[in-house]
Amino acid sequence: MAHFDLPLNELRAYRSSSVEPEDFDAFWARTLGEAREHPLAPRFDPVDTGLATVDVYDVTFAGFGGHPVRGWFVIPSGAAGPLPVVVEFIGYGGGRGLPHTHLLWASAGFGHFVMDTRGQGSRWAGGDTPDPVGSGPAVPGFMTRGVEDPDAYYYRRVFTDAVRAVEAARSHPLVDAARTAVTGESQGGGISLAVAGLMPDLAAVAPDVPFLCDFPRATTLTDRHPYREIGQYLHTHRGRVERVERTLAYFDGVHFAARATAPALFSTALEDMTCPPSTVFAAFNAYAHGDKTIEVYAFNDHEGGEAHQRAVQLRWLPERLAS
């Protein structure tokens with residue numbers, strides 16, 4: 001796949017046409033307020049994994065609606081704290097998987113909290129968190145579940161879970177709450193941007209080829225899934241475009257980016273048809289904090305930088321999480 005989106009010089013100036021709802025802040029304040037009426041009740045249960053260099057905890061905490069959400073907490077073996085913590089969110093269709101697949105950040109001396117994604121985890125990494133909330137008719141996948149009503153939309157629950165995951169990570173006695181970073185690839189990158197806009201006291205944000213950004217462009221530029229789920233829904237449910245667009249505006253990474261208060265390291269790939277580079281630059285260009293940078297992988301698709309991007313993050317994050 002050759003380059004298909006805007007030239008790089010135009011990407012660096014591109015702005016999204018997504019219209020921010022007037023009650024965006026009120027909507028999210030109400031949503032998080034309702035979630036916090038439920039006790040967070042974080043539980044960290046030690047797990048014997050056979051790994052000698054890390055200690056692993058099986059985590060459960062209360063997310064949206066008080067629903068139990070699972071995760072892993074991985075720390076350097078015998079760590080005494082206080083530790084900076086990296087909270088990671090997972091890509092589309094995946095779950096928290098197995099603990100031995102999450103060794104990078106603990107190996108760098110950080111605490112690593114991995115949030116399971118409700119209802120997902122049956123495509124490429126297993127998950128353990130059900131989504132007990134139903135929805136009306138939807139295209140297979142998650143993008144259109146409840147998509148005609150912001151209160152019912154699937155990602156309202158997921159983004160709320162993510163904020164609560166950060167709160168759960170910070171509750172552990174070995175964690176230095178002031179040194180918290182969030183990260184993730186694709187869907188995980190989009191979730192990390194949402195958290196960046198909803199939590200004003202993060203130390204760093206590292207969204208990697210982020211999904212869930214600039215819905216107006218993404219849903220009309222690429223026919224690759226998962227964005228195509230929205231087009232398929234509207235192909236069948238004619239006449240509901242404005243209603244769906246209104247819902248998606250409450251979940252657009254562009255609007256969360258405009259509220260972010262932490263340094264950020266983005267990445268994008270110029271041949272990425274899953275999360276087109278213009279949609280990533282839309283969030284990057286809207287990102288409010290001045291300490292921001294973006295790594296551009298000119299001849300990669302949605303895999304982006306992979307291990308090369310991890311190496312960049314390993315150089316970048318310690319400076320932001322230093323004591």
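This is a predicted model: local features need pLDDT of at least 70, side-chain atom pairs count only at pLDDT 80 or more; totals for chains, interfaces and linings use all residues.
Residues are numbered from 1 along each chain as its sequence is written. Local features need pLDDT of at least 70, side-chain atom pairs count only at pLDDT 80 or more, totals for chains, interfaces and linings use all residues, and side-chain values use heavy atoms, without hydrogens or water.

**Stop 1: strand S7.** Select residues 204-208. Five of the five residues are buried (under 20% relative accessible area, 1.4 Å probe, protein chains only). Ala204, Ala206 and Asp208 point one way; Val205 and Pro207 point the other way. Strands here are DSSP runs of E, at least two residues; helices are H or I runs, at least four.

**Stop 2: its partners.** Find Glu185 opposite Asp208. From S6 the chain passes through helix H5 (residues 187-198) to S7, a right-handed β-α-β crossover (clockwise from first strand over helix to second, with the strands pointing away from the viewer). Next, show S8 (residues 264-269), parallel to S7 over two bridges. Val205 stands opposite Ala264 there.

**Stop 3: Phe159.** Beyond neighbours within four places in sequence, Phe159 contacts Trp28, Ile191, Ala194, Leu212, Phe251 and Phe256 (heavy atoms within 4.5 Å).

**Stop 4: His237.** Look in the loop between H7 (227-236) and H8 (241-249). Why does His237 count as buried? Because its relative accessibility is 19%.

Terms used: Buried means under 20% relative accessible area, exposed over 50%, partly exposed in between (1.4 Å probe, protein chains only). Two strands pair if DSSP finds at least two bridges between them.
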